[in-house]
Structure formats: C-alpha cells, structure tokens
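Student: Please show me the model. I would like a close look at one part of it, taken slowly.

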Amino acid sequence: VFFTIVAVIHDQALFEPVIDWVLAQPADAQPAIMYLANGILSSISDNVFLKILETVGVTLATLQRFSHE
C-alpha cells in the first residue's frame with residue numbers, strides 16, 4: 001500500500017510545486033527549507049497511508065462481521 005501511495009505521488013508530481021518553490025529560494029537557504037518541506041510532506045503522506053490502512057481494517061472487519069451472520 002505504501003509504495004502505491006508513493007507511486008501516485010511520483011506519477012502525478014504532487015510534490016513538484018513545493019520542490020520548485022524550494023529551489024527558487026536563495027541557495028544558502030535551500031537545505032533548511034528543503035528539510036522543513038520534507039518533514040511536512042512526509043507527515044502528509046504518512047497520514048494518508050495510515051488513513052488507508054484504517055479504512056481497509058474497518059472494511060475487513062465489516063465484511064467479517066457480515067459473513068458470520
């Protein structure tokens with residue numbers, strides 16, 4: 001699931017605007033800004049991943065409950 005999310009992010013270039021913005025900043029500020037941007041983008045992708053896992057878990061639990069009725 002995680003690599004599917006990463007592939008979608010890559011294929012749709014979802015982070016490209018942020019990266020382009022960072023690279024447009026002064027060269028001496030780019031490493032710090034990229035570090036912060038990376039942390040923010042990582043937390044977003046992690047939250048998406050966890051939400052997908054939660055949704056799959058609820059779906060499986062629901063299916064199991066209905067299959068036993």
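Student: Where is A13 placed? Once that is settled, please go through helix α3 (residues 30-67) in detail.

Tutor: The model is predicted, and what follows should be read as computed from it. A13 sits in the loop that joins α1 (2-11) to α2 (16-23). Its phi is positive, about 50°, although the residue is not a glycine. A13 has 30% relative accessibility and counts as partly exposed, because that class lies between the 20% limit for buried and the 50% limit for exposed.

Now to helix α3. The helix has 38 residues, and at 1.5 Å a residue these should span 56 Å.

At residue 30, Q30 belongs to α3. A polar atom of the Q30 side chain lies 2.9 Å from the backbone oxygen of L23. If neighbours within four places in sequence are set aside, the contacts of Q30 are V22, L23 and Q25. Buried here means under 20% relative accessible area.

Other residues give the surface of the structure a nonpolar patch. Its members are I40, I44, V48, I52, V56, L60 and L63, and together they have about 590 Å² of accessible area. Take two of them. I44 lies in α3 and has a relative accessible area of 44%, so I44 is partly exposed. I52 is also found in α3; with 32% relative accessibility, I52 is again partly exposed. Both values clear the cut-off for patch membership, because a patch takes residues with over 30% relative accessible area. As for distance from other parts of the chain, I44 is 40 residues from T4 in sequence, while their C-alpha atoms are 15 Å apart in space.

The charged pair comes next. Side chains of opposite charge can pair when their charged atoms come close. Here the side chains of E54 and K51 form a salt bridge, with 3.6 Å from N to O. A search of the whole structure finds one salt bridge. E54 and K51 both lie in α3, three residues apart, about one turn of the helix. An α-helix has 3.6 residues a turn, so residues three or four places apart point the same way. E54 is partly exposed, because its relative accessibility is 46%. K51, with 48%, is partly exposed as well.

Further along α3 comes T59. The T59 side chain reaches the backbone oxygen of T55 at 2.8 Å. With a relative accessibility of 40%, T59 counts as partly exposed.

Technical notes
Residues numbered from 1 in each chain as written. Predicted model: local features only at pLDDT ≥ 70, side-chain atom pairs only at ≥ 80, totals over all residues. Heavy atoms only, no water. Salt bridge = Lys/Arg side-chain N within 4 Å of Asp/Glu carboxyl O. Helix = DSSP H or I, 4+ residues; strand = E, 2+ residues; numbered from the N terminus. Buried < 20%, exposed > 50% of the residue type's maximum accessible area, 1.4 Å probe, protein only. Polar contact = N/O pair within 3.5 Å; in protein donor to acceptor, adjacent residues only side chain to side chain. Contact = heavy atoms within 4.5 Å. Patch = residues over 30% accessible without salt bridge, like charges linked within 9 Å, V, L, I, M, F, W, Y side chains within 5 Å. Areas by Shrake-Rupley, 256 points an atom, 1.4 Å probe, with all protein chains shown as cover. Expected span 1.5 Å × (residues − 1).
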